[in-house]
Amino acid sequence: MSNPNTLPQELEEKLGEIEKERIEQQAKDIANKNNLAYVNIAPNLINLEALGIIKEEESRIAQAGATSKEGKQLKVAVVNPENLETQKLIARLNQEGFSLNLGVVSILGMQKIWNKYKEISKQTEEKIGTVSVNESVVS
C-alpha cells in the first residue's frame, strides 16, 4: 500500500510527465503541419559557434535558435515557423547567405537552447580575463 504522504508527490510527478508529453506532441503537430522535422534537443549537441550567430534577445523574441553550422549551412530550431518574428529572423539569415535547415522544437526544447547562451557568455568572460604575450613583440 502506498504511503498517503507520497501519493500527492507521485501524482504531481505523473501530471508533470503528461504535461511534458502534451507540449512535445504540440511541437510534433506543428512540425507535421509545416512539413518540417520535429527536433528533440539534446543540450550537449548544441554548437556554441552556431548558437552565437543569433543574439539571445533575438532568439527569445523569434523563439528560434541555431544549433549547428557547417560553412553556410545552418540548422535552426523554431517553436513555430509561422510566427512573424521567426519569419523575420529566417529572412535575415537567408539574406546573410545562410542555407537553413529548419526543425520544430517544443518550448521546453527552446529553453534548453536559451540555457546554452550562458556558456557563450562564460567563454567570453574567460577570453576577456586572459592576456597572451608574444615574446618576439616584447623583445
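**Entry 1: a salt bridge**

Which side chains meet in a salt bridge at 3.7 Å, N to O? I looked, and they are those of Glu 49 and Lys 69. I count a salt bridge when a side-chain nitrogen of Lys or Arg is within 4 Å of a carboxyl oxygen of Asp or Glu. Glu 49 lies in helix α2 (residues 48-51) and Lys 69 in strand β2, so the pair ties together parts that are 20 residues apart in sequence. For helices I take DSSP runs of H or I with at least four residues, for strands runs of E with at least two, numbered from the N terminus.

I then checked the cover of both partners. Glu 49 is exposed, at 56% relative accessible area. Lys 69 is partly exposed, at 29%. My cut-offs are under 20% relative accessible area for buried and over 50% for exposed, with partly exposed in between (1.4 Å probe, protein chains only).

**Entry 2: what I am working with**

This is a predicted model, in which local features need pLDDT of at least 70 and side-chain atom pairs count only at pLDDT 80 or more, while totals for chains, interfaces and linings use all residues. Residues are numbered from 1 along each chain as its sequence is written, and side-chain values use heavy atoms, with hydrogens and water left out.

**Entry 3: further salt bridges**

I searched the whole structure and found eight salt bridges. One of them joins Arg 60 and Glu 56, 3.0 Å from N to O. Because Arg 60 and Glu 56 are four residues apart in helix α3, about one helical turn separates them. Arg 60 is partly exposed at 40% relative accessibility. Glu 56 is also partly exposed, at 31%.

Next I turned to Arg 92. Arg 92 forms a salt bridge with Glu 96, and their closest N and O atoms are 2.5 Å apart. Salt bridges with shared partners join Glu 58, Arg 92 and Glu 96 into one network. I read 24% relative accessible area for Arg 92, which is partly exposed. Glu 96 is partly exposed at 39%.

**Entry 4: the sheet**

In what order do the four strands of the open sheet run? I read β1-β4-β3-β2, with mixed pairing. Strands β1 and β2 (64-70) are the edges, each pairing on one side only. I call two strands paired if DSSP finds at least two bridges between them.

I went through the pairs with β4 (residues 99-104). Strand β1 (residues 37-38) pairs with β4 in the parallel sense over two bridges. Strand β3 (residues 73-78) also pairs with β4 in the parallel sense, over six bridges. Gly 103 of β4 has Ala 37 as a bridge partner. Gly 103 also stands opposite Ala 77. Leu 102 in β4 is the bridge partner of Val 76.

From β3 the chain crosses through helix α4 (residues 84-95) to β4, a right-handed β-α-β crossover. Right-handed means that, with the strands pointing away from the viewer, the path from the first strand over the helix to the second runs clockwise.

**Entry 5: helix α1**

I ran along α1 next. The helix has 27 residues and reaches 39 Å from its first C-alpha to its last, close to the 39 Å expected at 1.5 Å a residue. That expected span is 1.5 Å times one less than the number of residues. Which residues of α1 are buried? I found Ile 23, Glu 24, Ala 27 and Ala 31.

Ile 18 is partly exposed, at 45% relative accessibility. With Leu 11 and Leu 15, Ile 18 forms a nonpolar surface patch of about 290 Å² accessible area together.

**Entry 6: positive phi**

Most residues other than glycine have a negative phi. I looked for exceptions. Asn 35 is not a glycine, yet its phi is positive, about 55°. Asn 35 sits in the loop between α1 and β1. Asn 35 is exposed, at 72% relative accessible area.

Gln 63 is not a glycine either, and its phi is positive at about 50°. Gln 63 is in the loop between α3 and β2. At 25% relative accessibility, Gln 63 is partly exposed.

**Entry 7: Glu 57**

I ended in helix α3 (residues 56-62), which holds Glu 57. Glu 57 is exposed, at 61% relative accessible area. The C-alpha atoms of Glu 57 and Trp 114 are 9.5 Å apart, with the two residues 57 apart along the chain.

Key:
Patch = residues over 30% accessible without salt bridge, like charges linked within 9 Å, V, L, I, M, F, W, Y side chains within 5 Å. Areas by Shrake-Rupley, 256 points an atom, 1.4 Å probe, with all protein chains shown as cover.
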